[in-house]
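Notebook open, model loaded. I want to look up the annotated positions and then the ligand shell.

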Amino acid sequence: MAEDGGAAVTAAEADEIERAAEAALRPRRLAEFVGQRVVRDQLSLVLEAAVARHRPPDHVLLAGPPGLGKTTLAMIVASEVGAALRLTSGPAITHAGDLAAILSALQENDVLFIDEIHRLARPAEEMLYLAMEDFRVDVVVGKGAGATAIPLSLPPFTVVGATTRAGLLPAPLRDRFGFTGHMDFYETGDLERVLHRSARLLGIELDAEAAHEIASRSRGTPRIANRLLRRVQDWAQVRGTGVADTAAAAAALEVFEVDPRGLDRLDRAVLRSLCTRFGGGPVGLTSIAMAIGEEPETVETVAEPFLLREGFLTRTPRGRVATAAAWAHLGLTAPEGGPSRLFD
Ligand SMILES: Nc1ncnc2c1ncn2[C@@H]1O[C@H](COP(=O)(O)OP(=O)(O)OP(=O)(O)O)[C@@H](O)[C@H]1O
Ligand SMILES: [Mg+2]
């Protein structure tokens, strides 16, 4: 075999495999979507009403941490109303012209999914307001002083926006959504249901105790639950009996460094750097991110919401602070009078 590894999987291929595995486990209908009762009820009302009126549903914004089902729900919106889904994302639209092209190609009733909508450039954002409110887009023809805007009317359609950072959306854009679904972390019981459903689809036998073990280490996130299940499946098939039982779950979670509270390498790196490099804080997000070689956005959207929720971290006006629980979890001793510096 060639040294550069004919059989080796590149990072891009690994991403592709991961995406395909994820797509295979996506619920297609609202009834299959587990948990998030509040958002599910709200959405089912909005969608049923729209179907009854033979009108496209109001624009929907889905906000919440990664892996909780925003993309899944956007796809469900389209399939529940029997509409075609068009996909794009904030970072993919670099010029207002890109958005104009997407908008002017929309057909009646289409669902336009805009992922990471908080990352849209300002001119595109303004074009989107107009399109969402008046179903109109101004197409600019010509350049410089001779440029003219030709208004083009659009057929009725629905925007579904997804964001991990709802706070970054400018108010005028936020206001144009008829409804915002706030997605929250899942209860362990709901994740167990996600896991049993996924195990059925993957064709692996999963026992109840193992499901509980995996669910409780999945940080309230279905994407993580499904990913851990696939690693448990690997372990069960290669080293175990083929059944995803507690032994397989415990062993696989150990191999993949997911600790009993569900913290992974990134979470522990954040806490460890906070405690050992910055004396427990307060310290700014950027300093932590730099210390562990990550993007501030990754630390803020991926690790932090979970660490905050689990009480390992607090945010103060002067920066992030490790709690007593964080020191204890890492097996470290907090410096004398450490937390009191918070109030000096
Ligand atoms: N309620 C649910 N029931 C069953 N499976 C779910 C549910 N929510 C999410 N999943 C699974 O978790 C995976 C991740 O979901 P999804 O891609 O929709 O998350 P997301 O919120 O769009 O994440 P990101 O912010 O990273 O784009 C999907 O493959 C899906 O199978
Ligand atoms: Mg998504």
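I find Arg 320 in strand β9, residues 319-322 (strands are DSSP E runs of at least two residues, helices H or I runs of at least four, numbered from the N terminus). This is a predicted model, where local features need pLDDT of at least 70, side-chain atom pairs count only at pLDDT 80 or more, and totals for chains, interfaces and linings use all residues. Residues are numbered from 1 along each chain as its sequence is written, while chains are lettered from A and ligands numbered from 1 in the order written.

Buried or exposed, I ask of Arg 320? Arg 320 has 25 other C-beta atoms within 10 Å, so I log it as buried (20 or more is buried, 12 or fewer exposed, in between partly exposed, with C-beta atoms placed from the backbone). Leaving out residues up to four places away in sequence, Arg 320 touches Leu 313 and Arg 315, among others (contact puts C-beta atoms, placed from the backbone, within 7 Å).

Next I check Arg 315, which sits in strand β8, residues 313-316. Arg 315 is partly exposed, with 13 other C-beta atoms within 10 Å.

Now ligand 1: I get 21 residues around it, with Pro 66, Gly 69, Lys 70, Thr 71 and Thr 72 the closest (near means a C-beta atom, placed from the backbone, within 6 Å). Helices α3 (70-81) and α9 (222-238) each supply at least two shell residues.

Definitions and conventions: Two residues are in contact if their C-beta atoms, placed from the backbone, lie within 7 Å.
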